[in-house]
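Trainee: Hi! Could you walk me through this structure? I'd like to start with the strands and then look at some helices.

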Amino acid sequence: MVNIPNESIYLPMERQELKDYLILLEEREKFLVEQLCGSKYTRGSFEYKRYKTRRKIILTKFGKVDRHFVYVKHTLTGDIVSPLLVWLGIPKYQRLSVNFKQVLARKASRGTYQKGVEDIEDGFGFSIVRQTLHRYVKDTCSDLQIEQPPNPSHEVLLADGTKVKSGSDEKHEVRTIISLGNATSEKALLREEINKSWSELAEGMDFSQYRVFVGDGEPGLKEALCKEHMEFQYCHEHAKRDLAFFLWKDGLNKKKYIQYTQKFEEILHCLQNSTKKHAADKDWQRLILRIQWAKKEINTLAMKINCRNLWEASSFLRRNKDYFTTAAEMAIIGVQVPWTTNSIERVMQEIGIRTKKKGMHWSENGLHRILKMVLKRYFLPTNQRTYKEIFTSTQKEAVKS
């Protein structure tokens, strides 16, 4: 039988990392002070001289540190500073560095402020109040830039929006525009705005490098973002739902219209699978034939629906017939275009996780601050989205020296 040691044996080890950090601080402070003032009792002229020690509590990624810091005084100006606090980047009258303040603020991008302060207490061993975390968020977001410069290799644009509750009965409209490279994991956030139209978002953008726009049927979206030199790919997932909606508007219930939506879905899936196969084989002639087949089948389906006096659904298919096959056509010339808007829907989901909670109501400024943090974190490279570089500890006591 394996004997499990009593947990109390290991309790002193909970503070070992913090103790090691204190030893590092002691050595660093001694080195910094000697650089400025020389060794103790050393004669000679130095720019600074030892002045006094002062007790101060600082907050670090290893926990709360309570110690006496050595201060030095400039012999000419009389300025008094702590070399160690300057080295740590902790300003006067502050308890933590600007960089660490930003780390704490990012906790608010993953959950509510209450959960943020609980996460900070569990992870770093000290507690702050929600108002303090909110102040850190405001300080961090004041100069935070989230829009990225256009990537010259990106040729595909996507755009989508979502609604977030405001303080009144109305809702904020959050809209974003992103670009994709040939590897769909390569994303760049080009625009993010609240309560602005698609035309306003498009102002000042250079569309010359983009060849395809992928979107849904939202009114005004295609007109604002799909320029004359660009092709439009209608999201297949939205297309299937939109056809069902128009059939419902024409008076059919689900049991009656499902035969048409299933046929439409079969055509789209067959086109997707054929594009994947023929692009891998570089059999472009077969792919061209498949594209022609898909358009013919969609047109036949539209005529069949039209004969049953389903005008809205028939018009939808005929109006967008050429937009369902764009990704296949672009594959022939070497441009990889997604069939759906899933890439930007994932961005909307990330926004919703943080902002669409029961009881949450946002001012425009407050929503904009949180969106900056959420989107900044999401569009970082994957290996920079975690807090691996930050040591976490459950120790809640300050170690004194």
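**Strands and helices**

Mentor: Happy to! Val156 has Val212 in S7 as its bridge partner. This is a predicted model, where local features need pLDDT of at least 70, side-chain atom pairs count only at pLDDT 80 or more, and totals for chains, interfaces and linings use all residues. Residues are numbered from 1 along each chain as its sequence is written, and side-chain values use heavy atoms, with hydrogens and water left out.

Trainee: How many bridges join S4 to S7?

Mentor: Three bridges join S4 (residues 156-165) to S7 (residues 212-215), and these strands run parallel. Strands pair if DSSP finds at least two bridges between them. Strands (E, at least two residues) and helices (H or I, at least four) are DSSP runs, numbered from the N terminus.

Trainee: What is the order of the strands in the open sheet?

Mentor: The order is S6-S5-S4-S7-S8, with mixed pairing. S6 (187-194) and S8 (231-234) each have a single partner strand, so one side of each is left without a neighbour in the sheet.

Trainee: Switching to helices: at what angle do H4 and H5 pack?

Mentor: About 95°, with the axes of H4 (residues 113-124) and H5 9 Å apart. Axes are lines fitted to C-alpha atoms, for helices over the stretch in contact (heavy atoms within 4.5 Å), and angles run from 0 to 180 degrees between N-to-C directions. H4 and H5 are therefore roughly perpendicular (65 to 115 degrees).

Trainee: Which residues of H4 meet H5?

Mentor: Tyr113, Gln114, Gly116, Val117 and Ile120 of H4 meet Arg130, Leu133, His134 and Val137 of H5.

How values were computed
Angles under 35 degrees count as roughly parallel, over 145 as roughly antiparallel, 65 to 115 as roughly perpendicular and the rest as oblique.
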